[in-house]
Amino acid sequence: MAAPSGGVNCEEFAEFQLMAAHASRDRVIKTCIAQTSAVVNNLREEREKNLDDLTLLKQLRKEQTKLKWMQSELNVEEVVNDRSWKVFNERCRIHFKPPKTE
């Protein structure tokens, strides 16, 4: 697979920019969710051992809120992907039809 040439056509744009950008953002968001989930699980275990620690409870709530935001970001990313593919298809449908990957 070669990098796109100077004059990017629809196929190169779809393959090297649109698909790669979508995959990259999806991977980063899912990595963040996994890391935050691990932190939340650790804090829950600590909280079960020490029910009186309010600082621990506050930290747990903060991490849970962060996790919810990251999970909602996946939904936002799905909408962005759908809209960008819609625009791409409107502009390039005559020149190139990308393969379905989902």
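These entries record what I looked up on the fold, the surface and the salt bridges of this structure.

**Entry 1: the model and its fold**

I note at the outset that the model is predicted. I looked up the secondary structure and found two helices and zero strands in the protein chain. I then turned to the contacts with a separation of 6 or more, and recorded that 62% of them join residues 24 or more positions apart.

**Entry 2: burial and surface**

The protein chain has 102 residues, and I find 24% of them counted as buried.

**Entry 3: salt bridges in the structure**

How many salt bridges does the structure hold? I count three, and I took them up one by one.

**Entry 4: Glu77 and Arg25**

I began with the salt bridge between Glu77 and Arg25, where the closest N and O atoms are 2.6 Å apart. Which elements does this pair link? Glu77 belongs to helix α2 (residues 54–92) and Arg25 to helix α1 (residues 10–49), so I record a link between distant parts of the chain, with the two residues 52 positions apart. I also looked up the accessibility of each partner. Glu77 has a relative accessible area of 7% and is buried, because the cut-off for that class is under 20%. Arg25, at 32%, is partly exposed.

**Entry 5: Lys30 and Asp26**

Next I examined Lys30 and Asp26, whose side chains meet in a salt bridge with an N to O distance of 3.2 Å. Both residues lie in helix α1. They are four residues apart, which I note as about one turn of the helix.

**Entry 6: Lys66 and Glu63**

I finished with the salt bridge of Lys66 and Glu63, in which 3.4 Å separates the closest N and O atoms. I place both residues in helix α2, three residues apart, again about one turn of the helix. Lys66 has a relative accessible area of 35% and is partly exposed. Glu63 has 11% relative accessibility and therefore counts as buried, the limit being under 20%.

I close with the placement of the pairs. Glu77 and Arg25 connect helix α2 with helix α1, Lys30 and Asp26 sit within helix α1, and Lys66 and Glu63 sit within helix α2.

Definitions and conventions: Residues numbered from 1 in each chain as written. Predicted model: local features only at pLDDT ≥ 70, side-chain atom pairs only at ≥ 80, totals over all residues. Heavy atoms only, no water. Salt bridge = Lys/Arg side-chain N within 4 Å of Asp/Glu carboxyl O. Buried < 20%, exposed > 50% of the residue type's maximum accessible area, 1.4 Å probe, protein only. Contact = heavy atoms within 4.5 Å.
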